[in-house]
Amino acid sequence: MVDETREKEVSERSGCGVRPPGTCIPWEEKRRELGEIKGDEELVKRIWENIDALGYMYIWQVLLSF
């Protein structure tokens, strides 16, 4: 419990919140960067999450390969 509280305090201070497992940049964070989306937001969200997951897998593959 103490470790979780400390981790949360450190991440809030540094501005790097805890990321959901399997993501590099969560959709909520990317959504704020994009501004107004004209069209189907669910489609954009699904595509972003797929691309982000590929980036996450690539990073792990590189780390495990070397």
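**Charged side chains and salt bridges**

Glu33 is exposed in this predicted model, its relative accessible area being 52%. The value lies just within that class, because the term applies to residues over 50%. Glu33 takes part in a salt bridge with Lys30, in which the closest N and O atoms are 3.2 Å apart. Both partners belong to helix 2, where Glu33 and Lys30 are separated by three residues, or about one turn of the helix.

In a search of the whole structure, three salt bridges were found. Apart from the pair within helix 2, a salt bridge joins the side chains of Arg31 and Glu41, with an N to O distance of 2.9 Å. This pair links distant parts of the chain, since Arg31 is in helix 2 and Glu41 in helix 3, 10 residues apart. Arg31 has a relative accessibility of 24% and counts as partly exposed. Glu41 is likewise partly exposed, at 33% relative accessibility.

Arg19 and Glu29 also form a salt bridge, and their closest N and O atoms are 2.6 Å apart. Arg19 is located in the loop between helix 1 (2–14) and helix 2 (27–34), whereas Glu29 is part of helix 2, so the pair ties together parts that are 10 residues apart in sequence. Both residues are partly exposed: the relative accessible area is 37% for Arg19 and 26% for Glu29.

The acidic residue Asp52 presents another case. Asp52 is placed in helix 3, which spans residues 41–65. Asp52 is buried but has no salt bridge. The nearest side chain of opposite charge is that of Arg19, at a distance of 7.9 Å.

The side chain of Asp52 instead reaches a backbone atom, the nitrogen of Ile25, at 3.0 Å. When neighbours within four places in sequence are left aside, Asp52 is in contact with Gly22, Thr23, Cys24 and Ile25.

Conventions. Residues numbered from 1 in each chain as written. Predicted model: local features only at pLDDT ≥ 70, side-chain atom pairs only at ≥ 80, totals over all residues. Heavy atoms only, no water. Helix = DSSP H or I, 4+ residues; strand = E, 2+ residues; numbered from the N terminus. Buried < 20%, exposed > 50% of the residue type's maximum accessible area, 1.4 Å probe, protein only. Lys, Arg positive; Asp, Glu negative; His and termini not counted. Salt bridge = Lys/Arg side-chain N within 4 Å of Asp/Glu carboxyl O. Polar contact = N/O pair within 3.5 Å; in protein donor to acceptor, adjacent residues only side chain to side chain. Contact = heavy atoms within 4.5 Å.
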